[in-house]
Amino acid sequence: MSFFRKRVYACAGFYTVSLGTGRKEFHPKKPRPGIEHYIKEAGLGAIEQVKNPEHIDEGIIGNFIASRFCRQGNLGGFFPMVHPAFQYKPCMRVEGACDSGGLALVASVKTILADLADAVLCIGVEVQNTVKAVYGADYLAAAGWFSGERKNGHAYFFPDQFAQRAGACFEKFGYDRVRPGMAQWYANAIENARKNPKAQEYHNTTSDLYGTGMTQPSPKAFCEHINVFDCSKVSDGAAALIFASEEGLEKLGVDRKDAVEVISYAQVQDNLTTPPPDLTKLTTCEIAAKRAYERAGIGPEDLGVLEVHDCFTVAGLLAIEAAGFAGYGEGAAFVKDGHTKRDGSIPTNTSGGLIGYGHPTGATGVRQAVDVVHQLSGMASDYQIAFGSDRVYGMLSSMGGNDKTVVDMVFRKID
Amino acid sequence: MNLDERLFNVTVIGAAGKMGSGIGVLIAQEMAKLKLKPENKDNVYRLNLIDVNEQALDGLRAYMSAQLLKAAEKSVVMLRDMYRERQDLVENADIIDAFVGDASRVLNFSTDTDVARNSHLIFEAISENEKIKIKVYKKLNKICRSDAFYLTNTSSIPIGYLDEMAGLGGRLIGYHFYNPPVVQRLVEVIAAQNTTRELRSTAQELGKRLHKKLVPAKDISGFIGNGHFMRDGLHAIAEVVRLKGKFKYTGAVYVMNRISQDFLVRPMGIFQLIDYVGIDVFQCILKVMRTHLRDDSLKDRLIDRMVKDKVLGGQYPDGSQKDGFLKYEKNRPAGIYDIRKKEYVPITDEWKKKIDKKIGPTPERFVPWRGLLMDAKKEEKLGLYFDELKKMDTLGAELAVNYLKKTREIGQSLVRQGVAGSDDDVNAVLTNGFFWLYGPINEYI
């Protein structure tokens, strides 16, 4: 309570299937739903969980780059299409690359804290299968410093950015220590995704997941140091969540037991035009986690569930260190030893994460929040984990660019 | 003259056909890559794509654009490096467009063989008709440079014979791509006795640049690929004749197609494969081999009757399968041609069930070809599968084991006759060119 001047709650979480390669219903040459479909499906999925949606005061949508993938801007304009309650109410889109969803969460919470709204519908969306990955890589490169970095960058710009991090980790901590952790991260992600019917890897039937994760890279066709299994996939999807004040919950007709409390957040920005200070750590993520814990008055040991931004397996390992669960260079061993599995000491990315569920970029931060809320409120169905009474907190860490734009948010289960 | 110099000016004859167009795509890419090297900026590169059919050339233009785009998309990692100095090209899309443009500017589409006169390398991929081939070579030999090298895509006609008839003086080599050349890794390389050393080494170097698996074959009609495939097909047809009393003709075709696909874990059944190649092409190759090998067993009445009925198989321009022994719906077998009634009998579930019952089930360890294709333990799994198959007392197992024995015998006889240098070469052709999971000369039986 020390950080927020009043209580803020999150409820009515919902997300769509993450559509893309891996899903049986996905066919690249067949017509697929457009971005407005995803916005509506996720928005209604949340709205239909509250009794009185007319009391939602505002709509905030996180999206990275629909203007290129879908040639669509002005996404705030879709809220009144989702539900008439939004007609002539404030609605807007926020953007922070792959952390667009994270920023949408923060913008929603801030609006409530500022007493400008009692209830905000927060959506995140991205539709990326409109172009082949080779062209999508150009669009996603906008998460870096385009005019300063793109020309000399790799064809697959972001995979290469994290491949360089993997290479630096191999060099510093040893390939034989880091690589198994990356493969284990992949295996955990798929195992979790198999419990989540909406995950892009839900249909994955590979028997030897760890062996697959250890596949040798093909630098001529892709990147050095990482293989395609180290990467989150190209995804279409959306997620939605309602934030409300105490009064807002009441007006919406939501029982407190169906909500979780937002305890703190940290929003941290690094300079886009400078290279990361150290490739072997996520410096900005670490600052965000420390700040979020401090503001919540808790430490990593209080968390019962964690959501990190594993756009690449190596990012998952470094994020575990940044969140304070493993020391510098110890993330790989921590993961390999099973600590981040669903029955481990800190269940992480329990619905599959970005590798297993998918990474519809602008939706990811919101999807992470939905999963934390679902876990804490016991609504995670097949992928629900058990909570000890001493572990009533959950945290998400959402990252944009190469550790540039970060949002961490801490939630608490309601007694 | 080294290969880089030979690639200044290249011709593909029969360029609008399935094989010619694929060869064109591969060579165009190589030429464009050379053209992009700073030291070659003042050189003119020209790939003449010649076909007699003007309308087909229009189709070829569209095909080349689409294939070059695909190739550029696949090679974007390398292309970014090649275009590093071009500051105006920033995104992958800019670079891909630039490459397709550069490669397209190399192309010269024509119906006139005279445009080949300055070519140093000439690929020929016209129909498998030796009279036409000889005529074309004679004409080219008159107009082209005296040091031009010729690479023929023939899959059956002896190279030495073509060379001698056209008076090419050892400047011809067999360079047999598999369909489609852009995808299939295998190239059978057939040097005639008098093929020059320089051409042999040029062919080797080119294969390396194209990332192809080169398998040498002796200059004996049919070489390894068709030497095996024709006899493999004739075995299946002989079995149909033997089984037609028990299953009727259409049932026997179904049985042998299923045995070859499922029981032998191949990518497609033997009759589907003959349809894919074209029944008329199958007949034509048999004739070439029969003539040059003086082997009257390389003839089949059923094939001749199918061609007479104009039931030919082959493919439509969009790649979909034409009806042949089998009728296809969405590229899947849906009926079988009844040679007596001259019509297709539909494959119904009930009909299949009845026949399947007579041949018995596949072994319990059966996994379809696709399921094993990427499996790192496929050899071990196939070993256990065939062990189980051998122990089964069913007609299906008996037919499958006989088929395995026959294909091994065919393979071994190709080695004995010197067509293939080794068992490995036979197996390489069948696994790379026909996508078999295992070679015909194996330890499974």
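Predicted model: local features only at pLDDT ≥ 70, side-chain atom pairs only at ≥ 80, totals over all residues.
1. Residues are numbered from 1 along each chain as its sequence is written, while chains are lettered from A and ligands numbered from 1 in the order in which they are written.

2. Where do domain 1 and domain 2 of chain B touch? In the contact, 17 residues of domain 1 of chain B meet 17 residues of domain 2 of chain B; residues are in contact if their C-beta atoms, placed from the backbone, lie within 7 Å. On the domain 1 side, the elements that give two or more residues are E7 and strand E8 (213-217) of chain B. E8(B) gives the most to that side, with four residues. By class, the domain 1 side has seven nonpolar, five polar and five charged residues. Here Ala, Val, Leu, Ile, Met, Phe, Trp, Tyr, Cys and Pro count as nonpolar, Asp, Glu, Lys and Arg as charged, and the others, Gly among them, as polar.

3. Helices (H or I, at least four residues) and strands (E, at least two) are DSSP runs, numbered from the N terminus. The radius of gyration of chain B is 23 Å, close to the 22 Å that the globule rule gives for 445 residues, so chain B is as compact as a globular protein of that length. That radius is taken over C-alpha atoms, and the globule rule is 2.2 Å times the number of residues to the power 0.38. Along its principal axes, the C-alpha trace of chain B spans about 70 × 50 × 40 Å.

4. A helix pair in chain B is worth a look. Helix H2 (residues 18-35) and helix H5 (residues 92-104) of chain B pack at an angle of about 105°, with their axes 9 Å apart. Axes are lines fitted to C-alpha atoms, for helices over the stretch in contact, and angles run from 0 to 180 degrees between N-to-C directions. H2(B) and H5(B) are therefore roughly perpendicular to each other, a label used for 65 to 115 degrees (under 35 is roughly parallel, over 145 roughly antiparallel, and the rest oblique). From H2(B), Ala28(B), Gln29(B), Ala32(B) and Lys35(B) meet Phe99(B), Asp102(B) and Ala103(B) in H5(B). Sorted by class, this contact has four nonpolar, one polar and two charged residues.

5. Some local backbone details in chain B may interest you. A cis peptide bond joins Asn179(B) and Pro180(B), with omega about -5°; Pro180(B) is in the loop between strand E6 (172-177) and strand E7 (186-191) of chain B. Lys248(B), found in helix H9 (residues 225-263) of chain B, has a phi near 65°, a positive value in a residue other than glycine. Further along, E9(B) and E10(B) form a hairpin with two residues between them, and Lys330(B) in the turn has a positive phi of about 50°. Four bridges join strand E9 (residues 326-329) to strand E10 (residues 332-338) of chain B, which run antiparallel; two strands pair if DSSP finds at least two bridges between them. The bridge partner of Lys327(B) is Gly335(B) in E10(B).

6. How do the chains meet? Ten residues of chain B are in contact with ten residues of chain A. Helix H4 (76-82) and H5 of chain B are the elements that give two or more residues to the chain B side, and H4(B) gives the most, with four residues.

7. Turning to chain A, nine strands form an open sheet with mixed pairing, in the order E3-E2-E4-E5-E1-E6-E9-E8-E7. Its edge strands are E3 (91-94) and E7 (303-307) of chain A, each pairing on one side only. Within the sheet, E6 (residues 260-269) and E9 (residues 405-412) of chain A pair in the antiparallel sense over eight bridges, and Ala266(A) stands opposite Asp408(A) in E9(A).

Terms used
Contact = placed C-beta atoms within 7 Å.
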